Amino acid sequence: MSSSRIRQVLTVTAAAVIGVVALAVLLGATGLGGPATADGPAAAIDAYDLTTGRLVGLVGALAALAGVVVGGLAVTRPRSRIGTGRLGATIALVAGLIGVVLGGYVVAAAEGGPGTGYGIVGGVVALVVGLASLGLGGLAMARSL
């Protein structure tokens with residue numbers, strides 16, 4: 001892969017990360033980062049309601065999971081396969097970073113524990129799986145050099 005192509009891929013991934021962080025900040029600044037409840041702590045949230053916090057945690061966890069899959073393929077398969085080498089490692093690193101950022105945002109913004117609608121469980125899953133994706137992406141990048 002040429003250096004100009006690598007720069008293009010890194011530019012696009014950096015723009016995607018900046019967009020995700022801007023979306024997370026926007027959701028937090030507008031008050032949409034919390035659960036969709038009425039005013040007051042007495043309002044109950046159903047376990048099947050998809051609140052904004054749960055949605056952000058879910059998106060972070062799914063991005064991190066995709067990074068783990070691509071990073072695992074990049075580490076275990078030979079370079080001749082699709083999704084391996086530097087591109088696979090870069091995808092795993094970016095997906096892991098997205099998972100860690102979104103998971104960290106959800107965990108930091110949560111005002112309650114599991115079952116409150118803030119998405120704390122999805123945030124923790126996104127953090128853990130995102131760190132695994134970052135590790136696999138780093139290992140695949142080291143192998144591709």
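Author: Let's start with a contact: two residues are in contact when they have heavy atoms within 4.5 Å of each other. Of the contacts in the protein chain with a separation of 6 or more, 68% are between residues 24 or more positions apart. You're looking at a predicted model, where local features need pLDDT of at least 70 and side-chain atom pairs count only at pLDDT 80 or more, while totals for chains, interfaces and linings use all residues. Residues are numbered from 1 along each chain as its sequence is written, and side-chain values use heavy atoms, with hydrogens and water left out.

Reader: What makes a stretch of the chain count as a helix or a strand?

Author: DSSP runs do: H or I for at least four residues is a helix, E for at least two is a strand, and numbering goes from the N terminus. By that rule, this protein chain has four helices and zero strands, and its pattern along the sequence is α-α-α-α.

Reader: Why is arginine 54 called buried?

Author: Buried means under 20% relative accessible area, exposed means over 50%, and partly exposed lies in between (1.4 Å probe, protein chains only). Arginine 54 has 18% relative accessibility, so it counts as buried. You'll find arginine 54 in helix H2. Leaving out residues up to four places away in sequence, arginine 54 touches several others, including Asp46, Asp49 and Tyr118. Over the 145 residues of the chain, 33% count as buried.

Reader: What is methionine 141 called, buried or partly exposed?

Author: Partly exposed, because its relative accessible area is 23%. Methionine 141 belongs to helix H4. Beyond its neighbours within four places in sequence, methionine 141 is in contact with Arg86, Ala89, Thr90 and Leu93. The buried residues of H4, among them Gly130 and Ala140, pack against helix H2 (52–76) and helix H3 (85–109).

Reader: What makes a group of residues a nonpolar core?

Author: The members must be buried Ala, Val, Leu, Ile, Met, Phe, Trp, Tyr or Cys, joined through side-chain atoms within 4.5 Å. Val56, Ala63, Val94, Ile98, Leu102 and Val106 form the largest one, with six residues in all. H2 and H3 each supply at least two residues of this core, and the largest share, four residues, comes from H3. Not counting residues up to four places away in sequence, alanine 63 touches Ala95 and Ile98.

Reader: What makes a nonpolar surface patch?

Author: Patch residues have over 30% relative accessible area and no salt bridge; nonpolar side chains (Val, Leu, Ile, Met, Phe, Trp, Tyr) are joined within 5 Å, like charges within 9 Å. A salt bridge puts a side-chain nitrogen of Lys or Arg within 4 Å of a carboxyl oxygen of Asp or Glu. Here, Leu50, Leu55, Leu58, Val59, Leu62, Leu65 and Val69 make a patch of about 630 Å². Leucine 58 sits in helix H2 and counts as partly exposed because its relative accessibility is 42%.

Note on methods. Accessible areas come from the Shrake-Rupley method with a 1.4 Å probe; for residues, only the protein chains shown count as cover.
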